[in-house]
Amino acid sequence: MSRAKNLRFSEGETWVIDCVFLDADAEALDITGATIQWRVATRPGQAPLVTATTSNGLVDITDATGGLATITVPYASHSSATPATYLHEARVELASGEVTVQFRGTLTVYDSIFVV
């Protein structure tokens, strides 16, 4: 169940995205034992500039049966994303092996006077 989710951040800040994962009936998706991945790239088919996963610790499942997770990407993990508009996509692989793209859209990084 892919939904549009457009994001905006300033350069240099920690990116925090609260996620609600849903099944095809728009009910909470049980993500117990799931692997969650979120990627940012300049366009499809290019290597991601940012990859956040449950494996690398940048995605935290906060309520598995309620389908809730938080993506937290510190500046050190996305410093190569200079001011521009990128594409992003979140994908969940359930414990059963089923894969679902949950949301995608644009991610705009704005200039910041705090980043030299």
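What follows is a working chat about this predicted model.

Colleague: Let's start inside. How many residues does the largest nonpolar core have, and which have the most contacts in it?

Modeller: The largest nonpolar core has 27 residues. Those with the most contacts inside it are Trp15, Phe21, Ile31, Trp38, Ile71, Val92 and Leu107.

Colleague: Which strands each supply at least two residues of this core?

Modeller: Strand 2 (7-10), strand 3 (15-20), strand 4 (35-41), strand 5 (50-53), strand 7 (68-73), strand 8 (84-93) and strand 9 (99-110). As a general point, nonpolar side chains tend to be buried together in soluble globular proteins.

Colleague: Take valine 92. What is it in contact with, leaving aside neighbours within four places in sequence?

Modeller: With that exclusion, valine 92 is in contact with Phe21, Leu29, Ile31, Ala34, Thr35, Ile36, Glu98, Val99, Thr100 and Gln102. Phe21 and Ile31 are also on the list of residues with the most contacts inside the core.

Colleague: Now valine 59. Where is it, and is it buried or exposed?

Modeller: Valine 59 sits in strand 6. It counts as buried because its relative accessible area is 5%, and the cut-off for buried is under 20%.

Colleague: What does valine 59 touch, apart from residues up to four places away in sequence?

Modeller: Valine 59 touches Ile36, Ala52, Thr53, Thr54, Ala69, Thr70 and Ile71.

Colleague: How do strand 6 and strand 7 pair?

Modeller: Strand 6, residues 59-63, pairs with strand 7 in the antiparallel sense over 4 bridges. Aspartate 63 has leucine 68 as its bridge partner in strand 7, and aspartate 60 has threonine 70.

Colleague: How many bridges join strand 3 to strand 7?

Modeller: There are 6, and strand 3 and strand 7 run antiparallel. Aspartate 18 stands opposite threonine 70 in strand 7. Threonine 70 is also the bridge partner of aspartate 60.

Colleague: Changing topic: what is phi for alanine 26, and where does it lie?

Modeller: Phi of alanine 26 is near 65°, a positive value in a residue other than glycine. Alanine 26 lies in the loop between strand 3 and strand 4. It counts as partly exposed because its relative accessibility is 46%, and that class runs between 20% and 50%.

Colleague: What about serine 112, buried or exposed?

Modeller: Serine 112 is buried, since its relative accessible area is 17%. It lies in the segment after strand 9. Its side chain reaches the backbone nitrogen of phenylalanine 114 at 3.1 Å.

Colleague: Last one. How much space lies in the largest pocket, and which residues are closest to its centre?

Modeller: The largest pocket holds about 380 Å³ of space. It is lined by 16 residues, and the closest to its centre are Arg39, Ala41, Pro44, His88 and Glu89.

Colleague: Which elements give two or more residues to the lining, and which gives the most?

Modeller: Strand 4, strand 8 and strand 9 give two or more. Strand 4 gives the most, with 5 residues.

Methods:
Residues numbered from 1 in each chain as written. Predicted model: local features only at pLDDT ≥ 70, side-chain atom pairs only at ≥ 80, totals over all residues. Heavy atoms only, no water. Core = buried A, V, L, I, M, F, W, Y, C linked by side-chain atoms within 4.5 Å. Buried < 20%, exposed > 50% of the residue type's maximum accessible area, 1.4 Å probe, protein only. Contact = heavy atoms within 4.5 Å. Pairing = 2+ DSSP bridges. Polar contact = N/O pair within 3.5 Å; in protein donor to acceptor, adjacent residues only side chain to side chain. 1 Å grid on protein atoms, 1.4 Å probe; cavity = no way out; pocket = protein on both sides within 12 Å on 5 of 7 lines; lining within 4 Å. Points joined across faces, edges and corners; volume = space filled by probe spheres on them.
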